[in-house]
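Subject: Structure handover

Dear colleague,

Here is the structure I said I would pass on. My notes follow below it.

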Amino acid sequence: MSDWMDHLTIAPIVVPLLAGTLLLLIDDRRRTLKATLAVGSALAMVALAVLLLLMADGTVGGEAGNAGVVRIYRLGDWPSLFGIVLVLDRLAALMVLLTSVLGLAALVFSLAHWQRVGPFFHSLFQFQLMGLNGAFLTGDLFNLFVFFEVMLAASYGLALYGSGIARVRAGLHYVAINLVASLLFLIGVSMIYGLAGTLNMADLATRIAGLRPEDRALVEAGAAILGVAFLVKAGMWPLGFWLPTTYAAAGTASAAIISILSKVGIYAVLRLWLLLFGEGAGDSAGFGGTWLLIGGLLTIAFGSMAVLATQNMARLAGASILVSSGTLLAAIGVGQVEVTGGALFYLTGSVLAVSAFFLLIELVERGREVGADVLAVTREAFGEAEEPTDDGEIGTPIPATMAILGISFLACALLLAGLPPLPGFLAKFAMLAPLLNASGAMPATSWALFAALILSGLATVVAMTRAGIDVFWASPGSEVPRVQVTEIVPIGLLLGLCVVMTIEAGTVMRFMEATAQSLHGAQEYVRSVVPPSKASGMTGGGAP
Amino acid sequence: MEIIVALGIGVLTGSGVWLLLRPRTFQVIIGLSLLSYAVNLFIFSTGGLRTAAAPVLERGVPGDLAVQADPVPQALVLTAIVIGFATTALFLVLLLAARGLTGTDHVDGKEQQR
């Protein structure tokens, strides 16, 4: 493999960092230039992410094999246990690709008017992408904290973007809760460092089994505190009340990209739990799995009730994020390779669907006089800013708008509820089938998961049908919304990808299964980061 | 020394949590600051408490954690201080914006009905 390909691993962090910094320096009035730069950076990231995914899967620039390729990028070329490493494996590559696709869609959507609402939109957006990519790629706990903070700082900016009472009120809670979660993160990380003596995730995985018995309980407590910090992000039941309010109050383009933030929490749980408390963890193996499963089930229950109870479509989208988070946590908590594979498939589909739904809501609400509640808040907040100021409407309103919006809405409903033929159904099937096929009697928790998945789907169908009837059938007096091409194309892109996932389900599922396999048996990951001599003769102990 | 540090962390955390649960935004931000001081002290203490031990190596003397202080928690605490300071400043701006927009310093943006 060539030299330049090694450096591609860090490119998803460097490209948005440079683009965001450059965009800071350009005057806000040179809108076309800024938009071109931002979209160029987003396109470059999509191309990079596709290349990285192929590299991680072993298709490009590496020996092909089912094991996949784990790529290490050592910053400053320090030996991997002394310096900071970035690790690219299948899961990281998948998440980076998802981020870049969502980034491109939300950015193109924002060109119509969101970019004009306030200053520094493009820079905030690029830094958001940088934080997300960094969190997915890092192989070091403390660096994970730093990238979490980058990501959160940018998301505070994006959630508040456009200002207004509703956003500031929701943002105040959002920031306070995340600051506390960050403090918990720090406590967890420092407890683990103090006892195990390392911050490198792979090195930590080799040391868990050899811990002294008196240290084990404390390390597990540290990991649990760390887990709470991640679960706040993921919106697990008692920790997720902030989520629907914040996401509903955020601007459309911002909500579309920060909707992946809850999946960062899921990613961190998936990565660390399987790495640290997998089969090789000795006495600690499987620590906390039951909590994830039960917490996930409770989150599904709460999310389903929130989905049914809400009248506002943006809150409905927020509540469906809770349902998807709960589904993922419960599926991860089951701890079977096949179920995890299905969960990854579900994650990909639901991230695309929720993001498309957030974008769609604005277009649909635009035509409604009844649904003016959300719009009224927006108008009040922006004053005249929402009116196009200088260059008028870009493009012309497209024909058959209602038909296109209706089909998109239907697709979102099918995806969120998990009905055939779209990936939502395939993913639920992939998660439930291994539970049924397992030999012996099915445990009660599996039945509970089974019921929760089906019932949450039913709740989503009911809520989406009600919202759909309200918007498309029951308001004949409302005008057809004016929708620009740049606004409908991103939705088409996201939903189109879901259709592709359905058609290519075999290929995608094989990839997800392989990812789940390498997550559950993490030897490849550990071996790539920790030099073999070190891994075999573990030092045990830790810090003095 | 351990007792004093532990008590200090405990008092800071206790006051921080209490203030965090108060209804005024100013109390919340002071609570967050106190909590972050407690966490910073906690991170610092995970390297082991020791007097007169430098975290830097000397020429000719082999590095040994029995003689030197662990430099990693000190580096971590520095990063945590910087990040905590920046996010608290951001929260302060938000607090002022909320005060200006809603006309009250209640965390929910409106006074409770009595």
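In chain B, 53% of the contacts between residues at least 6 apart in sequence join residues at least 24 apart. Please keep in mind throughout that this is a predicted model.

Chain B

Chain B has three helices and zero strands, and along the sequence the pattern reads α-α-α. The radius of gyration of chain B is 19 Å, whereas the globule rule gives 13 Å for 114 residues, so chain B is more spread out than a compact globule. Along the principal axes, the C-alpha atoms of chain B fill a box of roughly 70 × 25 × 15 Å. Of its 114 residues, 36% count as buried.

Chain A

Chain A contains 23 helices and two strands. Of the 544 residues of chain A, 60% count as buried. Among contacts in chain A with a separation of 6 or more, 79% are between residues 24 or more positions apart.

I looked at two helix pairs. Two packed helices are described by the angle between their axes and the distance between the axes.

The crossing of helix 13 and helix 19 of chain A is left-handed. Helix 13 of chain A contributes Leu293(A), Leu297(A), Ile300(A), Ser304(A), Val307(A) and Leu308(A) to the contact. From helix 19 of chain A, the residues in the contact include Ala448(A), Leu449(A), Ala452(A), Ser456(A), Ala459(A) and Arg466(A). Sorted by class, the contact of helix 13 with helix 19 of chain A has 11 nonpolar, four polar and one charged residues.

The other pair is helix 15 (residues 337-366) and helix 18 of chain A, which pack at an angle of about 170 degrees with their axes 8 Å apart. Angles over 145 degrees count as roughly antiparallel, so helix 15 of chain A is roughly antiparallel to helix 18 of chain A. On the helix 15 side of chain A, the contact is made by Glu338(A), Val339(A), Gly342(A), Ala343(A), Phe345(A) and Tyr346(A). On the helix 18 side of chain A, the residues include Pro423(A), Leu426(A), Lys428(A), Met431(A) and Leu435(A). The residues of this contact between helix 15 and helix 18 of chain A divide into 11 nonpolar, one polar and two charged.

Backbone points to check

Most residues other than glycine have a negative phi, and most peptide bonds are trans. The places below depart from that.

- Pro420(A) and Pro421(A) are joined by a cis peptide bond, with omega about 10 degrees. Pro421(A) lies in the loop between helix 17 (401-417) and helix 18 (423-437) of chain A.
- Asp77(A) has a positive phi, near 55 degrees. Asp77(A) belongs to the loop between strand 1 and strand 2 of chain A and is exposed, with a relative accessible area of 57%.
- Phe120(A) also has a positive phi, near 65 degrees. The loop between helix 4 (90-110) and helix 5 (121-137) of chain A holds Phe120(A), which is partly exposed at a relative accessible area of 41%.

Two further residues

Leu75(A) sits in the loop between strand 1 (71-74) and strand 2 (85-88) of chain A. Leu75(A) is partly exposed, with a relative accessible area of 31%. Leaving aside neighbours within four places in sequence, Leu75(A) is in contact with Ile10(A), Ile84(A) and Leu86(A). From Leu75(A) to Ser182(A) the distance is 25 Å, C-alpha to C-alpha, and the two are 107 residues apart in sequence.

Is Glu487(A) buried or exposed? Glu487(A) has a relative accessible area of 1%; residues under 20% count as buried, so Glu487(A) is buried. Glu487(A) is part of helix 20 (residues 485-503) of chain A. Not counting residues up to four places away in sequence, Glu487(A) touches Phe109(A), Ala112(A), His113(A), Glu362(A), Leu363(A), Arg366(A) and Arg482(A).

Regards

Methods. Residues numbered from 1 in each chain as written. Chains lettered and ligands numbered in written order. Predicted model: local features only at pLDDT ≥ 70, side-chain atom pairs only at ≥ 80, totals over all residues. Heavy atoms only, no water. Left-handed = near helix turned anticlockwise from the far one by under 90°. Helix = DSSP H or I, 4+ residues; strand = E, 2+ residues; numbered from the N terminus. Contact = heavy atoms within 4.5 Å. Nonpolar A, V, L, I, M, F, W, Y, C, P; charged D, E, K, R; others polar. Rg over C-alpha atoms; globule rule 2.2 N^0.38 Å. Buried < 20%, exposed > 50% of the residue type's maximum accessible area, 1.4 Å probe, protein only. Axes fitted to C-alpha atoms, helices over the stretch in contact; angles between N-to-C directions. Parallel < 35°, antiparallel > 145°, perpendicular 65-115°, else oblique.
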